[in-house]
Amino acid sequence: MPSSALAGASPSVFDIPYLPDEPLDSVYFLACATTQPRITISAATYDEDEVAEELAEWLRANGAERPFLVASTHGRRLLRRVSTAVGVAPPGPRATQAWARTWSGAARGADAVVAAGGGRCLDAGKLVAAGAGMPLIAVPTQLSHDGVCSPIAVLPRTAGGLAESLEAVAPSMAFFSRPTLIRSPIASLRAGIGDLLSNPLALHDWKLAADAGLEQINHPAWHLSAESFRLIEPLLYEPLGPESVDLGLIGLMAHALVTSSFAMMTVGTSRPVSGAEHKISHAIDELYGRPARHGAQVAFASLVSVALHGLDVEAFRACLVNLGLPHHPAQLGLSHQAMVAALLRAPSTRPGRFTVLESAALDEGEADELVRFLWGGA
Ligand SMILES: [Zn+2]
């Protein structure tokens, strides 16, 4: 384990590494202008009947006159005023890459694919749209992760298989229904914040890879990732409860998650927002199923990155407590040994992406010591 993990004085956990040169200049804005989808937040605030009318009209006005719908049960309710759809595919929790290929054929007579639902549904929609060769419009019903507008789809190849990250179609437009999102479970909002909480750590990892001569940093993507974190940073220092959820928070989260998606769109990969903490979360998925939402697992796993980067573990842990996010393996049903196994497995979940895990190259004894450092006997 790097000695810095146990060092007494640490820099702030949220210090994003400084990039010399390349300030926010015209290159940055040009990159954003050419990659960003058009985002709309509903005028309706609390009434889902109202938003169903608004969404149908918005789709027509934006050229989706014969859309193919990939929609969850909730998504279908939001789209119930769309009367000209050429077909509807319900992905359900078991949507696979093979499922998406089948529906791509059915979508070919449409003028756009509209994906309305949670993360799995949007990811299925990205692959259906890619297979059919048409634009995708996203209507998220949760704000639980930053894949809302990303070009990455995470789906298993076949039922029961491990999820794979695939490059797919990023939405050309997205519609956020405030009446829907304000009623979404607070656990999904917490997970969304958790996914963004890891952005500075992913940037630390990216810089590590650049310093080792393995990669080049894309400055617009870097700034977008940092910006999405800064949007949610004020939420980290106060307890987040149901009373914190209002239309302002919904708008802020939509903005922050989309900005993080833009960072991925700029480079076509998840590199600017996904580092060692995502690898550990993927290892937990592979070894133990998914005990919690993606964003919650990523936030929890970020504790390991914080320690390995020599940042302030206790300051970071306090933020997790404020946000109601897991900060101990037991909260995910994991034992000390299970955590050690996840740390040893993590590097293999995304070979070729150099992070602080590869830099530390933990053996079993070091992984055990790190788990003990973070959680005592766990
Ligand atoms: Zn993520």
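How many aromatic pairs does a search of the whole structure find?

1. The structure under review is a predicted model. A search across the whole of it returns five aromatic pairs. Among them is the pair of Trp99 and Trp103, which is tilted, with 6.1 Å centre to centre and 45° between the planes.

2. Trp99 and Trp103 both belong to helix 4 (residues 97–106); because they are four residues apart there, about one helical turn separates them. Trp99 counts as buried because its relative accessibility is 16%, under the cut-off of 20%. Trp103, with a relative accessible area of 25%, is partly exposed. Ring pairs also join Phe68 to these residues, so that Phe68, Trp99 and Trp103 make up a cluster.

3. A further aromatic pair is formed by Phe300 and Trp375. This pair is stacked, at 5.3 Å centre to centre and with 20° between the planes. It connects distant parts of the chain: Phe300 lies in helix 12 and Trp375 in helix 16 (residues 364–375), 75 residues apart. Phe300 counts as buried at 0% relative accessibility, and Trp375 is buried with a relative accessible area of 8%.

4. The zinc ion is coordinated by two OD atoms of Asp195, by NE2 of His278 and by NE2 of His294, at 2.1 to 2.8 Å. Along the chain, these donors follow the spacing D-x82-H-x15-H. Asp195 in helix 7 (residues 186–197) and His294 in helix 12 (residues 294–308) link distant parts of the chain, 99 residues apart. Asp195 and His294 are both buried.

5. Why is the site of the zinc ion irregular? The angles among its four donor atoms run from 50 to 143°. For reference, the ideal angle for four tetrahedral donors is 109.5 degrees. Because water is not among the atoms, a site may look incomplete.

6. The structure holds zero disulfides.

Technical notes
Residues numbered from 1 in each chain as written. Predicted model: local features only at pLDDT ≥ 70, side-chain atom pairs only at ≥ 80, totals over all residues. Heavy atoms only, no water. Donors = N, O, S within 2.8 Å, 3.2 Å for Na, K, Ca; no water. Tetrahedral: all angles 85-135°; square planar, octahedral: opposite > 155°, others 65-115°. Helix = DSSP H or I, 4+ residues; strand = E, 2+ residues; numbered from the N terminus. Buried < 20%, exposed > 50% of the residue type's maximum accessible area, 1.4 Å probe, protein only. Phe/Tyr/Trp six-rings, centres within 6.5 Å; stacked < 30°, edge-to-face > 60°. Disulfide = S-S within 2.5 Å.
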